[in-house]
Amino acid sequence: MQKLALVGLGASGLFALKELAGANVEVHVFDVGPTYDKRYPCPIDQGKLSVCPPKACSYCAPGQSAGSWNDFKVILSASPVIGGRLYDLIGEQELQKRLDTIRHTILTHAPVEIPVVKPDAEDLEWIHKKATLAGMTYHYQELLHCGSDNAPAINTSILNEITAKGPNIVFHWDTKVLSLSRRGEQFALVYDSYRKPGEEHEEIFDLAILSPGRGGANWLTQQEFYKALDIYPGQVDIGVRVETSCFFTEEVDRRFYEPKLYYQSRHANDVVRNFCSNPKGYVTPENHRDYVLVNGHSKMFEKSENNNFAVLVSKTFTRPFKNPQLYSQTIAKIVNMLAGGGPLIQRLGDLRSGRRTKSLTNNLIKPTLEAECGDISLAYPHRILEGIIEYIDALNHICPGVADDSTLLYAPECKSYPDSIAVSKNMETNVPNLYIIGDSSSWTRGVGQAASSGLLAGEGVRQKVGTATKIGAA
Ligand SMILES: Cc1cc2nc3c(=O)[nH]c(=O)nc-3n(C[C@H](O)[C@H](O)[C@H](O)COP(=O)(O)OP(=O)(O)OC[C@H]3O[C@@H](n4cnc5c(N)ncnc54)[C@H](O)[C@@H]3O)c2cc1C
């Protein structure tokens, strides 16, 4: 039997594994995280803290599999602009088939009923008119919001089913893959314990699926095979996490949960979009060890009075600059430096007036994350801030109140996407038998498409090793 290494068991790795359970291949799964049932619970859920800590939070640390454990919102519609670019790779119908499989799997494993958020004809007419008058473009999507509180049960249940169906699977938890390199037509993989390093091992594999996520994208660039791949520079999104009253956004929240609204800035013609809305949710830090970003999540049962969402300005670079990730990380580090190590918070009114926020004591909106008051304009480029302010002003036509002076802006909210790697329709790179999936491939930007890319790779490997299954089988 051939041997396959699967590196990373986040959203994409899990669904690749689902496809490979019981296949004619010995699968070795490596993840730096502990077993799913031991992944750290949020200290707020445990009642140990009342707000997120300003710095490190284990909820967002490496090994926690990001969005399939935090908030766990899954976009279910095949869209050319939302959640990734698989639409361009495999087309609408094929992407929708995979997203339907993911929806079915999650709903089957959910411990409670999770409603699919689906706008009706009246909602669509409403948003089309409002968005047009605001100078924005609405993109249709259906989504599932599982919530951080349901995420552990859903993921654990999916994994248990895979394990039961997969005697061909060997798990290496708490294990960091140090390197993967070509050895003739095979791959040499070197790994060590993540928490207690010191005993490196090497193992040879015939095939490899790499799914280390955005957090592992840099690791990918340092591997021996990387120079042999066909790659194109990735994009960065730089923006803020907006926190406002849920009363200002309640109509769109009720109708859409998260309407995808795109805007072209008048100032610089940049694309500005909203992302990751969390009605009645909480802002959280996202700890990357050497810098701290902000993010947001919400729960199915426990609610705040605020809504938070990201407003992001997208940038791509042309020659000679080739390192968009370094650009966004540098901006993030400047913000952290000004804030004494964590995120900054500023009232929208203070940003407009060019002054630092000093206190939030009498502010209408109470923050759900403790962050240092300051001045984001000391760290962010002017065109980015102009784009953000223009976006919030346009949104104010749809959600009156969001552009109030009291609205809170947290920085840094930066998303850097890895280089885009050329792949086949089954996510196989130009290095034979090497598949790169999920956000590290840059083809995906969210749980739904990351998981879809995992299914595609799993199907590709199954076809290679000789036991293809029916697409869409749950
Ligand atoms: C806080 C947060 C909240 C988010 N919320 C949402 C959301 O609600 N909805 C949404 O659609 N998207 C969300 N996202 C984005 C989403 O998480 C990603 O798009 C998705 O998880 C990508 O899946 P992936 O499999 O590529 O990577 P990940 O899910 O990040 O998984 C990567 C895995 O690889 C492991 N790994 C990395 N390097 C190594 C190595 N060298 N050796 C061994 N293991 C390794 C990691 O431990 C991890 O388990 C969120 C992201 C964050 C950070």
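Predicted model: local features only at pLDDT ≥ 70, side-chain atom pairs only at ≥ 80, totals over all residues.
How many nonpolar, polar and charged residues are in the shell around the ligand? The shell has 17 nonpolar, 19 polar and 7 charged residues.

1. **The ligand shell.** There are 43 residues around the ligand. Those that come nearest are Gly8, Gly10, Gly67, Gly213 and Gly438. Four elements each supply at least two residues of the shell: α1 (11-20), β3 (73-75), β8 (175-183) and α10 (447-465). Domain 1 and domain 2 each give at least three residues to the shell.

2. **Domains.** The protein chain is divided into two parts. Domain 1 is made of 2-50 + 68-79 + 149-232 + 419-465. Domain 2 is made of 116-143 + 235-416. Their C-alpha centres lie 30 Å apart. The contact between them takes 10 residues from domain 1 and 12 residues from domain 2. On the domain 1 side, the residues that touch domain 2 split into 3 nonpolar, 4 polar and 3 charged.

3. **The nonpolar core.** The largest nonpolar core has 130 residues. Leu4, Leu17, Val74, Ala208, Ile388, Ile392 and Tyr410 have the most contacts inside it. Domain 1 and domain 2 each supply at least three residues to this core. Leu17 is worth a look on screen. Leaving out residues up to four places away in sequence, Leu17 touches Leu6, Leu9, Val27, Val29, Ile162 and Ile169.

4. β8, one of the elements that supply the ligand shell, pairs with strand β9 (residues 186-193). The sense is antiparallel, over 8 bridges. Arg183 has Gln186 in β9 as its bridge partner. The two strands form a hairpin with 2 residues between them. Gly184 sits in the turn and has a positive phi of about 65°.

5. β4 and strand β6 (residues 143-145) are joined by 2 bridges. Within that pairing, Val117 has Leu143 in β6 as its bridge partner.

6. **Strand β21.** What is the burial of strand β21 (residues 408-416)? The strand is mostly covered, with 9 of its 9 residues buried. β21 has antiparallel pairings with two strands named here. Strand β13 (residues 236-245) pairs with β21 over 7 bridges. There, Gly239 stands opposite Glu413. Strand β19 (residues 344-347) is joined to β21 by 4 bridges. There, Arg347 stands opposite Leu408. Strands of a sheet pair through backbone hydrogen bonds.

7. **A cis peptide bond.** Which residues does the cis peptide bond join? Ala411 and Pro412 are the pair, and omega is about 0°. **Positive phi at Tyr257.** Most residues other than glycine have a negative phi, and most peptide bonds are trans. Tyr257 has a positive phi, near 65°, and is a residue other than glycine. Its place is in the loop between α6 (246-256) and β14 (260-264). Is Tyr257 buried or exposed? Tyr257 counts as buried, because it has 21 C-beta neighbours inside 10 Å and the cut-off is 20 or more.

8. **Positive phi at Cys276.** Cys276 is not a glycine either, and has a positive phi of about 55°. Cys276 is found in strand β15 (residues 271-279). With 22 C-beta neighbours inside 10 Å, Cys276 therefore counts as buried.

9. **Ser157.** Ser157 is found in helix α4 (residues 151-165). Ser157 counts as partly exposed because it has 17 C-beta neighbours inside 10 Å. Ser157 and Pro111 are 46 residues apart in sequence. In space, C-alpha to C-alpha, Ser157 and Pro111 are 9.2 Å apart.

Conventions. Residues numbered from 1 in each chain as written. Near = placed C-beta within 6 Å. Nonpolar A, V, L, I, M, F, W, Y, C, P; charged D, E, K, R; others polar. Domains from an automatic or database assignment. Pairing = 2+ DSSP bridges. Core = buried A, V, L, I, M, F, W, Y, C linked by C-beta atoms within 7 Å. Buried ≥ 20, exposed ≤ 12 C-beta atoms within 10 Å, placed from the backbone. Contact = placed C-beta atoms within 7 Å.
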